[in-house]
Structure formats: C-alpha cells, structure tokens
Amino acid sequence: MTEVGIYLDARQLWIVMAAPFAPSVGVSEQAAGQRVLDLVNQARATPRNCGNRAFNSARPVRWNDSLAEASQVHSEDMARYNYFSHSGRDGSDPAQRVERAGYRYRSIGENIAAGQMKPEDAVAGWIKSPEHCANLMNPAFTEMGVAFAVDPRSEMGVYWTQAFGMPR
C-alpha cells in the first residue's frame with residue numbers, strides 16, 4: 001500500500017490504505033500466447049454448447065504470427081485510447097486489421113476481452129460468451145494469434161485481442 005487516508009468523526013475512526021491501479025498479466029507476451037493457444041485447443045477438443053448452438057469438437061488451431069501482430073496492434077490501441085470495441089478508432093474491422101498485418105484469409109474472426117489479468121480468465125470469459133465461444137469452436141478456423149496490452153491509465157487496465165483465421 002502506498003496511500004493512506006484517515007476519516008474521523010465523533011463516533012468512528014477510519015483508516016483507508018490503497019495502492020494505485022497497477023494492472024499486470026504477470027507473464028510474457030510469448031507465454032500468454034502459448035497459454036491461450038493451449039487453452040483454446042483444450043476447449044476445441046470437447047463438444048460444447050455456445051449459447052443455444054451446439055458444436056462438435058474441432059481440430060486444434062495453430063499459431064500465426066500475422067494474426068498475433070494484428071491482435072497486438074488492436075490491443076495496444078484499445079489500451080492506449082481507453083475503449084473496448086471490435087471497431088478500431090480508425091473505423092477498421094477485424095478483417096482490415098489482419099490484412100494490414102499481411103494475413104490473406106478465407107475466413108476471419110475476432111474475440112476481445114478487457115480487465116482479465118490472466119490468460120485463463122480471458123479464455124474462460126470467451127467460453128462463457130456465446131458469440132466468442134462460437135468463434136473459438138468454429139471448425140473453419142485453423143490458425144489464431146492473440147495479444148494483450150496494459151495501460152494503467154485506462155479503465156480496464158488490460159486489453160486482449162484474439163484473431164482466428166483460415167488462410168487462402
């Protein structure tokens with residue numbers, strides 16, 4: 001704790017201790033990416049319902065550096081400018097962002113999350129969300145990349161972007 005405050009009135013004394021908001025994921029980008037990839041492939045190995053849609057198990061996805069690059073750029077932008085959206089500040093959509101990173105695709109999908117301090121929490125949130133879960137379980141996707149960005153001045157602190165694709 002680095003901050004202390006005191007409140008005193010006729011009947012009570014309060015001492016409040018606090019620390020500045022200091023979000024941290026606690027692992028490197030590479031370790032977080034590998035952990036998310038492992039968790040996604042574990043999830044895809046099991047049939048599941050995503051909302052009211054049933055999905056069979058799906059083949060594992062493999063890592064793609066271009067998808068990870070597109071994810072990093074979007075995560076950094078959301079963190080720096082304190083917003084949370086599949087639309088970029090420049091009006092870009094997920095397809096445009098992966099194309100800018102050099103990825104040529106047949107199909108593309110994007111999951112975003114904010115506030116989760118661990119890869120496990122980000123993936124758990126995506127699995128609970130019907131739309132994000134459907135992306136995660138989509139058998140058309142064969143590759144993925146993921147990244148996070150941290151900015152303690154932003155409302156959520158940590159922003160995650162996960163891009164899925166099937167190359168041409």
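Modeller: A residue counts as exposed when its relative accessible area is over 50%, as buried when that area is under 20%, and as partly exposed in between. The model is a predicted one. By the cut-off for exposure, D90 and R100 are both exposed. These two residues form a salt bridge, with 2.8 Å between the closest N and O atoms. D90 sits in the loop between α2 and α3, while R100 belongs to helix α3, so their pairing ties together parts that are 10 residues apart in sequence.

The loop between α2 and α3 takes part in another bridge as well, through R89. R89 pairs with D77, and here the closest N and O atoms are 3.1 Å apart. The burial of the partners can be read from the cut-offs: D77, with a relative accessible area of 17%, is buried, whereas R89, at 49%, is partly exposed. The value for R89 has to be set against the limit of over 50% for an exposed residue.

One more residue of the loop between α2 and α3 deserves a remark, namely N82. Most residues other than glycine have a negative phi. N82 is not a glycine, yet its phi is positive, near 55 degrees. Its relative accessible area is 37%, so N82 is partly exposed.

The side chains of R62 and E143 meet at 3.3 Å, N to O. R62 lies in strand β5 (residues 62–63) and E143 in strand β7 (residues 143–150), so that the pair links distant parts of the chain, 81 residues apart. E143 is buried at 8% relative accessibility, and R62 is partly exposed at 46%. The bridges described here are among the 6 that a search of the whole structure finds.

Next, the helix packing. Two packed helices are described by the angle between their axes and the distance between the axes. For helix α4 (residues 119–128) and helix α5 (residues 130–137), the axes come within 5 Å and cross at roughly 105 degrees. That angle makes α4 roughly perpendicular to α5, because angles of 65 to 115 degrees are placed in that class. On the α4 side the contact is made by V123, W126, I127 and K128, and on the α5 side by P130, H132, C133 and L136.

Helix α5 also packs against helix α1 (residues 29–44), at an angle of about 90 degrees and with the axes 9 Å apart. These two helices are therefore roughly perpendicular to each other as well. Their contact is made by V40, A43 and R44 of α1 together with N135, L136 and M137 of α5.

Last, the surface. V4, I6, L8, L13, I15 and M17 make a nonpolar surface patch of about 700 Å². The elements giving two or more residues to this patch are β1 (3–8) and β2 (13–18). I15, one of the patch residues, is in strand β2. With a relative accessible area of 57%, I15 is exposed.

Definitions and conventions
Residues numbered from 1 in each chain as written. Predicted model: local features only at pLDDT ≥ 70, side-chain atom pairs only at ≥ 80, totals over all residues. Heavy atoms only, no water. Patch = residues over 30% accessible without salt bridge, like charges linked within 9 Å, V, L, I, M, F, W, Y side chains within 5 Å. Areas by Shrake-Rupley, 256 points an atom, 1.4 Å probe, with all protein chains shown as cover. Salt bridge = Lys/Arg side-chain N within 4 Å of Asp/Glu carboxyl O. Helix = DSSP H or I, 4+ residues; strand = E, 2+ residues; numbered from the N terminus. Buried < 20%, exposed > 50% of the residue type's maximum accessible area, 1.4 Å probe, protein only. Axes fitted to C-alpha atoms, helices over the stretch in contact; angles between N-to-C directions. Parallel < 35°, antiparallel > 145°, perpendicular 65-115°, else oblique. Contact = heavy atoms within 4.5 Å.
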